[in-house]
Amino acid sequence: MKESAKFQKGQRVGIYNSQGSRQIYEVDEVAWSGSTWMYTFLECDTKNPVFITFSNNGYSRYRQAERWLFLI
């Protein structure tokens, strides 16, 4: 049985980016991937969708796994 998601739509969370700094975004969508909860985000002020960029060759994607998020 899967645990419920730690974060909900509209909640503000922090995400570590590729430079090691923390960015704060608003959770847009929450989806179960089969092994973990995945989240998409909006910029807090503009409500624009956010691409999450990682250090491995500048790889980016819309979603981020729950383990990389923290409550603010």
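The lead sentences come first, and the points are then grouped by topic.

The model is predicted, so that local features need pLDDT of at least 70 and side-chain atom pairs count only at pLDDT 80 or more, while totals for chains, interfaces and linings use all residues. Residues are numbered from 1 along each chain as its sequence is written, and side-chain values use heavy atoms, with hydrogens and water left out. The protein chain has zero helices and seven strands, where helices (H or I, at least four residues) and strands (E, at least two) are DSSP runs numbered from the N terminus.

**Overall composition**

- From the N terminus on, the order of elements in the protein chain is β-β-β-β-β-β-β.
- Of the 72 residues in the protein chain, 32% count as buried; buried means under 20% relative accessible area, exposed over 50%, and partly exposed in between (1.4 Å probe, protein chains only).
- The protein chain exposes about 5000 Å², of which carbon and sulfur atoms supply 48%; accessible areas come from the Shrake-Rupley method with a 1.4 Å probe, and for residues only the protein chains shown count as cover.
- Of the contacts in the protein chain between residues at least 6 apart in sequence, 41% join residues at least 24 apart; a contact means heavy atoms within 4.5 Å.

- Five strands form an open sheet in the order 6-3-2-1-7, with antiparallel pairing; two strands pair if DSSP finds at least two bridges between them.
- The edge strands are strand 6 (64-65) and strand 7, each of which pairs on one side only.
- Strands of a sheet pair through backbone hydrogen bonds, either parallel or antiparallel.
- Strand 1 and strand 2 are antiparallel and pair over five bridges; the bridge partner of Arg 12 in strand 2 is Glu 26.
- Strand 1 also pairs with strand 7 (residues 69-71), in the antiparallel sense and over three bridges; here Val 13 stands opposite Leu 71 of strand 7.
- Strand 3 and strand 6 run antiparallel and are joined by two bridges, with Tyr 39 opposite Gln 64 in strand 6.

**Nonpolar core**

- The largest nonpolar core has 12 residues: Ala 5, Phe 7, Val 13, Ile 15, Tyr 25, Val 27, Trp 37, Tyr 39, Phe 41, Val 50, Ile 52 and Leu 69. Such a core is a set of buried Ala, Val, Leu, Ile, Met, Phe, Trp, Tyr and Cys residues joined through side-chain atoms within 4.5 Å.
- Strand 1, strand 2 (22-32) and strand 3 are the elements that give two or more residues to this core, and the largest share, three residues, comes from strand 3.
- Val 50, a member of this core, touches Tyr 25, Phe 41, Leu 42, Glu 43, Arg 61 and Tyr 62, not counting residues up to four places away in sequence.

**Aromatic pairs**

- The structure holds three aromatic pairs. Rings of Phe, Tyr and Trp (its six-membered ring) pair if their centres lie within 6.5 Å; planes under 30 degrees apart count as stacked, over 60 as edge-to-face and the rest as tilted.
- One of these pairs is that of Phe 7 and Tyr 39, which is edge-to-face at 5.8 Å centre to centre, with 70° between the planes.
- Phe 7 lies in the segment before strand 1 (12-16) and Tyr 39 in strand 3 (residues 37-42), so this pair ties together parts that are 32 residues apart in sequence.
- Phe 7 counts as buried at 6% relative accessibility, and Tyr 39 counts as buried at 0%.
- Trp 32 and Trp 37 form another edge-to-face pair, at 5.2 Å centre to centre and 65° between the planes.
- Trp 32 counts as partly exposed because its relative accessibility is 34%, whereas Trp 37 is buried at a relative accessible area of 15%.

**Lys 47 and its surroundings**

- Lys 47 is located in the loop between strand 3 and strand 4 (52-53), and its phi is near 65°, a positive value in a residue other than glycine.
- At 40% relative accessibility, Lys 47 is classed as partly exposed.
- Apart from neighbours within four places in sequence, Lys 47 is in contact with Glu 26 and Leu 42.
- Lys 47 and Glu 26 are 21 residues apart along the chain, and their C-alpha atoms are separated by 8.2 Å.
- The side chains of Lys 47 and Glu 26 are joined by a polar contact of 2.4 Å. A polar contact is a pair of N or O atoms within 3.5 Å; within protein, one must be able to donate a hydrogen and the other to accept it, and residues adjacent in sequence count only if both atoms are side-chain atoms.
- A polar atom of the Lys 47 side chain lies 3.3 Å from the backbone oxygen of Cys 44.
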